[in-house]
Amino acid sequence: MQLFYCPDISGKNIELPIEEAQHCLRVLRKEIGDTIQLTDGKGFFYEALITGTTGKHCSVEILSSTVIEKPWKGHLHLALAPTKNMDRMEWLVEKATEIGVDEISFLHTRYSERKVIKTERIEKIVLSAMKQSLKAALPVVHEMVDFHRFLQTHTATQRFIAHCQDFPKKNLVQIPTADSSILLIGPEGDFSTEEIERALSMGYEGVSLSDSRLRTETAALVGLHTLHLKGLL
């Protein structure tokens with residue numbers, strides 16, 4: 001199934017966004033009378049009939065809508081310090097979207113290797129991954145934020161900080177699941193002692209993800225997948 005993204009579906013007759021229209025008409029060679037599948041990224045799939053094509057524009061009529069339940073439980077928020085190599089971060093957000101995540105945040109920490117993220121580029125990768133993996137929920141991508149500000153402005157029933165230092169911690173898989181979770185992943189130099197202490201003082205629980213030392217993007221995927229498995233237990 002080829003899935004098209006249309007964030008503002010209101011009413012029966014709408015027009016596809018320009019990029020989606022061009023892909024539909026020029027790449028896939030869809031024509032008037034063909035039916036296509038849409039998602040609004042908010043939990044719905046739509047069946048639509050192409051009713052008009054003019055240049056770069058494509059008009060459709062909504063035939064039906066279906067609520068699509070997320071294939072994972074709870075609300076999952078992955079927050080991490082991005083690596084210097086952006087290719088690794090782009091790969092990560094693609095795979096995280098395929099696995100299933102609700103929010104992605106980028107943290108500026110003491111040992112961060114990268115201080116700037118092009119959010120627009122990340123959003124395009126997330127959108128493409130959502131469509132390719134046939135999901136109806138588009139993850140929210142947040143602008144990079146200072147670590148301490150993130151702690152003050154985001155909350156969840158369960159809050160975890162994965163680190164390699166000698167603070168008390170449990171393996172993430174051993175902790176019962178909850179309806180919402182935040183998982184913090186540090187840079188390759190790990191979180192600083194002060195950052196870990198600050199997070200713990202604000203209700204975060206220290207966790208380990210593996211007996212091996214993992215790279216940032218590997219740790220993020222292992223942690224996210226563990227949260228998915230916990231939701232199935």
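## Arginine 121 and its partner

Arginine 121 counts as partly exposed, at 43% relative accessibility. In this predicted model, arginine 121 forms a salt bridge with glutamate 90, and their closest N and O atoms are 3.2 Å apart. Arginine 121 belongs to helix 3 (residues 119-132) and glutamate 90 to helix 2, so the pair ties together parts that are 31 residues apart in sequence. Glutamate 90 has a relative accessible area of 18%; because buried means under 20%, glutamate 90 is buried.

## A bridge from helix 2 to a loop

Helix 2 (residues 86-99) also holds arginine 88. A salt bridge joins arginine 88 to glutamate 188, with 2.1 Å between the closest N and O atoms. Glutamate 188 sits in the loop between strand 12 (180-185) and helix 5 (193-201), so this pair ties together parts that are 100 residues apart in sequence.

Arginine 88 counts as buried, at 17% relative accessibility, whereas glutamate 188 is partly exposed, with a relative accessible area of 38%. Both residues belong to a network of salt bridges that links Arg88, Glu188, Arg215 and Glu217.

Lysine 95 and glutamate 98 form a salt bridge, the closest N and O atoms being 3.6 Å apart. Both residues lie in helix 2, three residues apart, which is about one turn of the helix. Lysine 95 is partly exposed, at 23% relative accessibility, and glutamate 98 is partly exposed, at 31%.

## Total

The structure holds ten salt bridges, including the one between glutamate 90 and arginine 121 and the one between glutamate 188 and arginine 88.

Definitions and conventions: Residues are numbered from 1 along each chain as its sequence is written. This is a predicted model: local features need pLDDT of at least 70, side-chain atom pairs count only at pLDDT 80 or more; totals for chains, interfaces and linings use all residues. Side-chain values use heavy atoms; hydrogens and water are left out. A salt bridge is a side-chain nitrogen of Lys or Arg within 4 Å of a carboxyl oxygen of Asp or Glu. Helices (H or I, at least four residues) and strands (E, at least two) are DSSP runs, numbered from the N terminus. Buried means under 20% relative accessible area, exposed over 50%, partly exposed in between (1.4 Å probe, protein chains only).
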